[in-house]
Amino acid sequence: MDQVKIGKFIAQCRNEKNITQEELGEKLGVTNKTISRWENGHYLPDIEMMQLLSKEFSISINELISGEKINDLDYKEKAEENLIVALENSTFTIKEKIEFHKKKWLKEHIFDIVLCIIAWLVVIVALKLQNAEGYLIGTISGILAVFFYVVRYNQMMIYVEDRVYKKIEK
């Protein structure tokens with residue numbers, strides 16, 4: 001996060017609303033010296049102050065963190081960028097980062113996982129309709145289930161490793 005850029009953005013928003021540092025400080029319950037420190041990039045407001053600034057200026061916290069107004073098309077990309085920066089600079093452990101990205105991958109790929117399960121069930125039903133022996137149905141469905149699991153798990157781990165251990169190039 002660029003503290004100076006964020007500070008300039010806060011000053012810009014304050015000027016657009018025609019609010020002095022003193023008036024903003026009174027609304028937020030801080031001194032105008034604190035506002036001045038933010039605007040000069042000496043330090044960042046905490047999350048509670050960012051929430052109040054967000055409401056006061058009718059902007060998103062993401063816009064505050066990025067230090068610029070974001071149009072709808074750029075919002076998702078900027079949110080992802082901010083998340084990456086936050087994770088890279090966070091105090092999260094590697095294990096916590098891995099768990100976060102695993103959950104994120106699962107949410108993003110739930111449809112694919114459901115399709116794999118449906119395909120697996122279709123194969124079992126098709127074998128049953130063909131009057132296949134029980135051991136054959138069990139063997140084929142077991143092999144297919146393991147195959148689906150291994151492929152999807154490896155895809156998930158590639159995704160996780162790319163985000164936890166490497167810098168993401170854009």
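**A walk through the helices**

Reply: Happy to! Helix H1 has 14 residues, and from its first C-alpha to its last it reaches 20 Å, close to the 20 Å expected at 1.5 Å a residue. Please keep in mind that this is a predicted model.

Me: Which helices do the buried residues of H1 pack against?
Reply: Let's begin with the residues themselves: Ile6, Gly7, Phe9, Ile10, Ala11, Cys13 and Arg14 are the buried ones in H1. After the helix comes Asn18, whose phi is positive, near 60°. The packing partners of those buried residues are H2, H3, H4 and H5.

Me: Which residues is Phe57 in contact with, leaving aside its neighbours within four places in sequence?
Reply: With its neighbours within four places in sequence set aside, the residues in contact with Phe57 are Ile10, Cys13, Arg14, Lys17 and Leu24.

Me: Is Ser66 buried or exposed?
Reply: Ser66 sits in helix H5, residues 61–66. Not counting residues up to four places away in sequence, it touches Lys5, Lys78 and Asn82. Its relative accessible area is 8%, and the cut-off is under 20%, so Ser66 is buried.

Me: And Lys55, is that buried or exposed?
Reply: Lys55 is found in helix H4. Lys55 and Phe9 are 46 residues apart in sequence and 15 Å apart in space, C-alpha to C-alpha. With a relative accessible area of 68%, where over 50% is the cut-off, Lys55 counts as exposed.

Me: What is the relative accessible area of Asn40?
Reply: Asn40 lies in the loop between H3 and H4. From C-alpha to C-alpha, Asn40 and Ile65 are 15 Å apart in space, and they are 25 residues apart in sequence. Asn40 is partly exposed, and its relative accessible area is 47%.

Me: How far apart are the end C-alpha atoms of helix H9?
Reply: Helix H9 covers residues 134–164, which is 31 residues. At 1.5 Å a residue it should span 45 Å, and the model agrees with that: the end C-alpha atoms are 44 Å apart.

Me: What covers the buried residues of H9?
Reply: The buried residues of H9 are Ile137, Ser141, Leu144, Arg152, Met156, Met157, Tyr159, Val160 and Val164. Their cover includes helix H7 (94–108) and helix H8 (110–129).

Me: Which helix gives the largest share of the lining of the largest pocket?
Reply: The largest pocket holds about 230 Å³ of space. H7, H8 and H9 each supply at least two lining residues. The largest share is six residues, and it comes from H9.

Me: How many residues of that lining are charged?
Reply: The lining of the largest pocket includes Trp105, Ile113, Trp120, Phe148 and Arg152. It divides into eleven nonpolar residues, no polar ones, and, for the charged class, one.

Methods. Residues numbered from 1 in each chain as written. Predicted model: local features only at pLDDT ≥ 70, side-chain atom pairs only at ≥ 80, totals over all residues. Heavy atoms only, no water. Helix = DSSP H or I, 4+ residues; strand = E, 2+ residues; numbered from the N terminus. Expected span 1.5 Å × (residues − 1). Buried < 20%, exposed > 50% of the residue type's maximum accessible area, 1.4 Å probe, protein only. Contact = heavy atoms within 4.5 Å. 1 Å grid on protein atoms, 1.4 Å probe; cavity = no way out; pocket = protein on both sides within 12 Å on 5 of 7 lines; lining within 4 Å. Points joined across faces, edges and corners; volume = space filled by probe spheres on them. Nonpolar A, V, L, I, M, F, W, Y, C, P; charged D, E, K, R; others polar.
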